[in-house]
Amino acid sequence: MKLLIVEDEFALADALRDRLQQEKYEVDIAEDGITGHELSMSDTYDLIIMDGMLPGMDGVNIIWEMRKAGHKTPVIMLTARAGLTDRVKGLDAGADDYLTKPFEVEELLARIRALIRRNHGPEENLLCVGNIQLDRKNGAIRNSQTGADVTLSGKELKLLEYFMDNPGEVLSRGKISLRIWGHEDTVEYNNVEVYVSFIRRKLKFLHANLQVKAVRGLGYRLVEEA
Ligand code: CA
């Protein structure tokens, strides 16, 4: 699960990130509204924690723009104590929940879990597409027909998980690199290609009926062979 925190109070954002990482979430931080808007519109996060007042562009506007563009990523808005209108505006714009500052981190964690459950159902350890089962816990894939399995490295696992969570959907290289490497790292595009080739090799080794196909000029998609 990959989360985005859009928050200009760096101490708060940093503390939240540490706590969320302890809970095994991956976390990116945007420290201003412009970056927050750009990353929110990338549609690569499973949930966004959005501060209301931000330099550059406020949280309500970002949420509004996201919903207008059709992005359904769940958003929890953080609002100031006195900010009743902010809260109402945020919910009207399409925020799914809100917390008033200051808040208990445990409460935020509970709300994150609730929203993720609502969107994904209970998180399954086993992800199945075609004849391939991916075990999120032990980082292995297995052919459900033959029983053969191989382990994946951390980045291979993240990448295949991303494909298997979105079967058939074209994922651009930009989205993939943001999802796997995060926005802080500069990644050469051919890193994406390298990891796609690793995954292809492992799928082939397992006689998977799945293929990662290149879609010229657009990216890649996972297709199940008939
Ligand atoms: Ca703020």
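## Contact between helices H2 and H3

In this predicted model, helix H2 meets helix H3 through Gly 33, Gly 36, His 37 and Ser 40 on the H2 side and Ile 62, Glu 65 and Met 66 on the H3 side. Sorted by class, this contact comprises two nonpolar, four polar and one charged residues.

Helix H2 spans residues 33–40 and helix H3 residues 59–68; their axes lie 10 Å apart and form an angle of about 20°. Angles under 35 degrees count as roughly parallel, and H2 and H3 are therefore described as roughly parallel to each other. Their crossing is right-handed.

The structure contains 17 salt bridges. One of them joins Lys 101 to Glu 7, with 3.0 Å between the closest N and O atoms. Lys 101 belongs to the loop between strand S5 and helix H5, and Glu 7 to the loop between strand S1 and helix H1, so the pair ties together parts 94 residues apart in sequence. Both residues, Lys 101 and Glu 7, are buried.

A salt bridge also connects Arg 179 with Asp 46, where the closest N and O atoms are 3.2 Å apart. Arg 179 lies in helix H7 and Asp 46 in the loop between H2 and strand S3, a separation of 133 residues. Arg 179 and Asp 46 are both buried.

Arg 17 and Asp 14 form a salt bridge at 3.0 Å, N to O. The two residues are three apart in helix H1, which means that about one helical turn separates them. Arg 17 counts as buried at 17% relative accessibility, whereas Asp 14, at 26%, counts as partly exposed.

Terms used
Residues are numbered from 1 along each chain as its sequence is written. This is a predicted model: local features need pLDDT of at least 70, side-chain atom pairs count only at pLDDT 80 or more; totals for chains, interfaces and linings use all residues. Side-chain values use heavy atoms; hydrogens and water are left out. Axes are lines fitted to C-alpha atoms, for helices over the stretch in contact, and angles run from 0 to 180 degrees between N-to-C directions. Helices (H or I, at least four residues) and strands (E, at least two) are DSSP runs, numbered from the N terminus. Angles under 35 degrees count as roughly parallel, over 145 as roughly antiparallel, 65 to 115 as roughly perpendicular and the rest as oblique. A crossing is left-handed if the near helix is turned anticlockwise from the far one by less than a right angle, and right-handed if clockwise. Contact means heavy atoms within 4.5 Å. Ala, Val, Leu, Ile, Met, Phe, Trp, Tyr, Cys and Pro count as nonpolar, Asp, Glu, Lys and Arg as charged, and the others, Gly among them, as polar. A salt bridge is a side-chain nitrogen of Lys or Arg within 4 Å of a carboxyl oxygen of Asp or Glu. Buried means under 20% relative accessible area, exposed over 50%, partly exposed in between (1.4 Å probe, protein chains only).
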